[in-house]
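Hi,

Here is the structure I promised to pass on to you. Have a look at it first, and then read my notes below.

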Amino acid sequence: MNNEKKLVVAHAPYWHDGSKISTKNYNIIIAALPAVLMGISQYGAPALAVIAFAMACAMIWEVIMNLVLRRPIPIGDGSAAVTGLLLGMLMPATAPWWVIALGTFIAIIVGKQIFGGIGFNPLNPPLLALAMLVISFKGVFDFNVALRHYDLGFVMTYPLADLKYFGTEAIAKFSLGDLIMGRQAGAVGSTFGLGLIVGGLYLMLRGYTRWEISLSFLAGVFITALLFNLSDPAKYAGPFFHLFTGYTLIAAFFLVPEDSSSPANFIPMLIFGALAGLGTVLIRNVGVYVDGIPFSILLMNLANPLFDRIRPKAIGKVVENA
Amino acid sequence: MIKRSFLGLAKPRLQYNLVPDPIQELPIPGTVTLLLKEPQNGGGATALKVGDAVKTAQRLAASPDSAEYVISSVTGTVSAMAPYIDAYGQKYTAITIQASGQDDWDDEFKKEQTIDTALKFFEYAPGSPSFKPFADPEKSIRTIVVNGMDQDLLLTANQYAVQNEAAEIKSGVQALRKMTGVDRIVITVPDILVQQANTTGAEVKTVSATYPDGLPHMIMKEVVGQVVPGGNTPEDQGVSFISAEAAAALGAAFETGQLRVTKVVTVVGKDGKTTNVRTRIGTPLRDVLQACNVSLNDRDRLILGGAMRGAATYSVDLPIEPRTDGIVVQDEADSAQTTNYPCINCGECIRICPVKIPVNMLVRFLEARLYEDAAAMYDLECCIECGLCSYVCISRIPIFQYIMLGKYELGLIKTAEAASA
């Protein structure tokens, strides 16, 4: 008996496709790099500092919370790093350190850990933090004020603010090419449209993000903006302007398809994305906020459990009629 | 092991192994162990004692009229009888027989093509067919499906039978028709075996080579055109499944007058190399592995069945059973490890589930041990047990294990309710 080999038993299946949460998160970080590097090249060291500090803070908050709650510390899975990175990308390069520390606290602890950590957050953590910061510290997120000392050789006013306060004549100075190539004022990692699109395509093709949500969100933004624009071209900007300004692209590829706060069935994904897009343009065009991204997506996050009740009938399910 | 492809947009497609390997015949083993599905001291006096002489193909049962029996696969003497409990809690008596090396055939089996003969001699045939539904007055079987597909990836034992034993399957199909009175007999095969299947006299239907299309529930839906309601078996719907190997064993027995006591097993080594061997039922795994030059190390996995649906076992002394279609040996480095990460709701399982179960919600209920809610709201009983959800799970949750546990617990709850009602 003693010379028998000790075998390991486990339940089937004995194969796995090899996917891991850490791989997924590291790929998201890779996909975000083009936009981040563009931001750093434009704004220099302050942008780098915002990104690095946000990532570090997010990871530290997660470790602290896991220690306090005596839970295992899954810091290596990259989940906190991604949250920090995305929040950093949503901030202006001039964001003060305490806003970043507070924002990552909200994202990691209020947004994620108090619900039970990864997989349990009902709301998108970076967006929850952004929404609370935008409401609390208006000046920090007023890009026209925040970036007033910068002159990077292109129009340094925030396109969405111009649209909101001065109407469509004020946005004639933004060419579509400039907007796509990141030659616009805005947050560190959300102005370089082309980079975000490349990163988003990479994530969708590799299956790390749900293309249904990203594309339906963009379609929702486009169609709603188009309808507004058709109804009154003098008052409302065209759909392409909405697609390439503000947080639209970073939201489409990195924020809306966040796993645990978005639906997983096909039709709910389409509805979720489209309604989030619709809400975004509604808030931009008729709401009080310059950019509607955080609020419209958070609203949809809340409705997510309802969306996911729309699902195909399982094959073999017996519906008992009374 | 097939890994995720670089481009992950399309869902992975796992293909069955479609080219049966040539067979390697193994000599009569020194001992065989037969698992009698009845606890040693449970059902009446045991008719068998240590030291009894048994002949090849002799029927061994606890008592002469017991429904459970085994068919001795060698001639020799009973050397040990011990209780054995399998991974799912089923109790057995393990009867070990010291083989003499010669075959002395028992002559109790007569070529009478009746359902009683089937019940009395073929329940322990290779492929483990079940004839009980035909004798059950509550079930009316109208169709028999001879399944020429294998039940798991890499295995080719059934396809080997279709490829090389079409003549035996033909007489097996005739015998089935006569014994059961069922007119419609369908044989399901992959495309490349249609030619052989055409000679069997059964209605030929093809099945795609993509896992899990060879499983009975999928064949019910795609080929027979009847969806099996959750919690039911195909037999409840009037369709009985029998493997091609079992049909061939049936035919061979009625042609030669000798019950078949060998089983074809696909052995998958650590390098993924497959070998088909034919060996006596009850051969210890040790002998089969030795013959295939597969060596084991500590912490390896030894899996009875296939990689997706098999059962890892703990000892090389365990025998080949009539239902063992394959043996998979896996190195520790290659074996899938589960984690205690929570579900992150990525939806991979939903997209791959062949019966569209909302696995993301189901697994949450199962983790919380809400088995009845899981069945009522999230289709626990519809699961056809293919294991693909666990295969793609990025959190590496043992979803398949949760589902099997849930079904088991649900069975207990239902039994308790029925007992108290």
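Let me start where the chains meet: 40 residues of chain A and 62 residues of chain B take part in the contact, two residues being in contact if their C-beta atoms, placed from the backbone, lie within 7 Å. On the chain A side, α1 (21-43) and α9 (193-205) each supply at least two of the residues that touch chain B. Helices (H or I, at least four residues) and strands (E, at least two) are DSSP runs, numbered from the N terminus. Sorted by class, that side of chain A has 20 nonpolar, nine polar and eleven charged residues; here Ala, Val, Leu, Ile, Met, Phe, Trp, Tyr, Cys and Pro count as nonpolar, Asp, Glu, Lys and Arg as charged, and the others, Gly among them, as polar.

Before you go further, please note that this is a predicted model: local features need pLDDT of at least 70, side-chain atom pairs count only at pLDDT 80 or more, and totals for chains, interfaces and linings use all residues. Residues are numbered from 1 along each chain as its sequence is written, while chains are lettered from A and ligands numbered from 1 in the order in which they are written.

Now to chain B as a whole. It has 13 helices and 16 strands. Its radius of gyration is 21 Å, close to the 22 Å that the globule rule gives for 421 residues, so chain B is as compact as a globular protein of that length. (The radius is taken over C-alpha atoms, and the rule is 2.2 Å times the number of residues to the power 0.38.) Buried residues make up 48% of the 421 in chain B, where buried means that 20 or more other C-beta atoms, placed from the backbone, lie within 10 Å of a residue's own.

Four strands form an open, antiparallel sheet in the order β2-β7-β6-β3; strands pair if DSSP finds at least two bridges between them. β2 (31-36) and β3 (53-54) of chain B are at the edges with a single partner strand each, so one side of each has no neighbour in the sheet. β6 (residues 76-85) and β7 (residues 91-99) of chain B pair over nine bridges, and P83(B) stands opposite T93(B) in β7(B).

Finally, find helix α7 (residues 159-166) of chain A, where P159(A), L160(A), D162(A) and L163(A) are buried. What covers the buried residues of α7(A) includes α13 (266-286) of chain A.

Enjoy exploring!

Conventions. A residue is buried if 20 or more other C-beta atoms lie within 10 Å of its own, exposed if 12 or fewer, and partly exposed in between; C-beta atoms are placed from the backbone.
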